[in-house]
Amino acid sequence: MTKVSERPGVEPGEEIGFVGLGVMGQPMALNLAKAGTKLVVWNRSREAADPLREVGAAVAASVEEVFERTRIVILMLVNETVLDSVLQRGTPGFAGLVAGHIVVSMGSNPPDYSRGLAAEIAAAGGRYVEAPVSGSRKPAETAQLVALLGGDAETVAEVRPLLAPMCRETILCGPVGNALLMKLTVNLYLCTMLAGLAEAAHFAERNGLDLATFQAAIDSGPMASDLTRVKIPKLIDRDFSVQAATADALNSTNLIAQAARAAGMASPVLDLCRTLYGESVELGNGRLDMMSVVAAIEARTAALGRP
């Protein structure tokens with residue numbers, strides 16, 4: 001694996017900032033630290049930083065300290081509201097924080113929001129790269145994420161090698177906005193596919209079929225994938241421990257629907273799946289894995305009033 005000192009654009013021994021150590025961010029940061037990246041990390045819940053401290057990362061007392069100590073700061077934050085808050089956007093502190101820095105946002109946000117943030121960071125004297133990732137917690141833990149990169153070519157080229165310890169692939173998507181549009185495109189397929197998988201498992205179970213046999217049938221055919229091998233056992237075991245949360249799936253489908261309407265296009269399959277994820281959230285499954293969408297399908301079956 002390439003050492004930090006050997007990566008283009010990064011000085012030997014240079015510290016890299018990482019903010020946001022949640023379900024995805026913590027394993028991502030751990031992979032960076034274990035690969036030899038000198039990290040300065042911060043998270044609102046301080047206990048999430050403990051595993052990073054154990055592998056040699058410096059734990060900052062504040063976001064300001066992260067920016068003071070580093071030139072490149074990676075952000076893995078849940079949404080644009082949190083991102084704005086962390087960057088102090090809309091306050092006098094914003095420009096002082098981002099000036100002279102490369103800000104890398106690896107979360108999923110609306111493309112127009114990202115374009116606006118990029119423009120404000122540039123006006124303040126900083127640079128910006130959007131790098132949303134495709135994958136959930138398990139790929140994050142095993143460094144099998146796919147990063148989609150958007151930004152000016154020079155800055156993207158400087159950032160891209162830093163992401164290698166977290167990602168098996170980094171894909172260039174063009175200017176800011178395009179990477180997030182590509183993420184929404186990938187998520188459209190992902191969210192509809194997993195809702196369909198949940199419905200298929202429900203169909204099998206209600207017809208008295210063995211779900212282990214269902215898994216064998218899927219995994220031996222052309223629809224087999226890493227996702228089916230991970231998600232079908234969760235359906236069988238009713239294990240909805242979070243890898244990608246249902247609330248995040250709902251948020252993603254909402255973003256996709258908004259982008260579809262902005263482009264003047266229909267998204268009928270996506271819209272139905274968005275309703276199902278919303279119903280699962282209303283059932284209290286927001287912070288469970290997105291395969292809990294099966295609960296919404298089961299509730300609809302129960303509403304039919306059949307045994």
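**Gln26.** I started with Gln26, which has a relative accessibility of 16% and so counts as buried, the cut-off being under 20%. I'm working on a predicted model here. I then looked up where Gln26 sits, and the place is helix H1, residues 25–34. Next I asked what Gln26 is in contact with once its neighbours within four places in sequence are left aside. I got Gly20 and Leu21, then Ala48, Pro51 and Leu52, and finally Arg137.

**H9 against H11.** I moved on to helix H9 (residues 178–206) and helix H11 (residues 226–237), whose axes come within 11 Å and cross at roughly 45 degrees. That angle makes H9 and H11 oblique to each other. I noted the hand of this crossing too: right-handed. For the contact, I listed Leu190, Met193, Leu194, Leu197, Ala198 and Ala201 on the H9 side, meeting Leu227, Lys231, Ile232 and Leu235 of H11. I sorted the residues of this contact into 9 nonpolar and 1 charged, with no polar ones.

**H9 against H13.** I checked H9 with helix H13 (residues 268–285) as well; they pack at an angle of about 65 degrees, their axes 9 Å apart. H9 passes H13 in a left-handed crossing. From H9 I wrote down Leu188, Cys191, Thr192, Leu194 and Ala195, which meet Val269, Leu270, Cys273 and Tyr277 of H13. The tally for H9 with H13 is 8 nonpolar, 1 polar and no charged. Going back over my two lists, I spotted Leu194 in the contact with H11 and again in the contact with H13.

**H10.** Which residues of helix H10 (residues 211–219) are buried? I found Leu211, Phe214, Gln215 and Ile218. They cover an arc of only 100 degrees around the axis, so they lie on the same side of H10. I reminded myself that an α-helix has 3.6 residues a turn, so residues three or four places apart point the same way. I also looked up what covers the buried residues of H10, and H9 and H11 are included.

**Ala295.** My last stop was Ala295 in helix H14, residues 293–303. Buried or exposed, I wondered about Ala295? Ala295 is buried, since its relative accessible area is 17% and the limit is under 20%. Leaving aside neighbours within four places in sequence, I have Ala295 in contact with Leu283 and Asn285. I also took the C-alpha separation of Ala295 and Ala198: 9.0 Å, for residues 97 apart along the chain. Ala198 was already in my notes, as one of the H9 residues that meet H11.

Definitions and conventions: Residues are numbered from 1 along each chain as its sequence is written. This is a predicted model: local features need pLDDT of at least 70, side-chain atom pairs count only at pLDDT 80 or more; totals for chains, interfaces and linings use all residues. Side-chain values use heavy atoms; hydrogens and water are left out. Axes are lines fitted to C-alpha atoms, for helices over the stretch in contact, and angles run from 0 to 180 degrees between N-to-C directions. Helices (H or I, at least four residues) and strands (E, at least two) are DSSP runs, numbered from the N terminus. Angles under 35 degrees count as roughly parallel, over 145 as roughly antiparallel, 65 to 115 as roughly perpendicular and the rest as oblique. A crossing is left-handed if the near helix is turned anticlockwise from the far one by less than a right angle, and right-handed if clockwise. Contact means heavy atoms within 4.5 Å. Ala, Val, Leu, Ile, Met, Phe, Trp, Tyr, Cys and Pro count as nonpolar, Asp, Glu, Lys and Arg as charged, and the others, Gly among them, as polar. Buried means under 20% relative accessible area, exposed over 50%, partly exposed in between (1.4 Å probe, protein chains only). The arc is that of the directions from the helix axis to the C-beta atoms.
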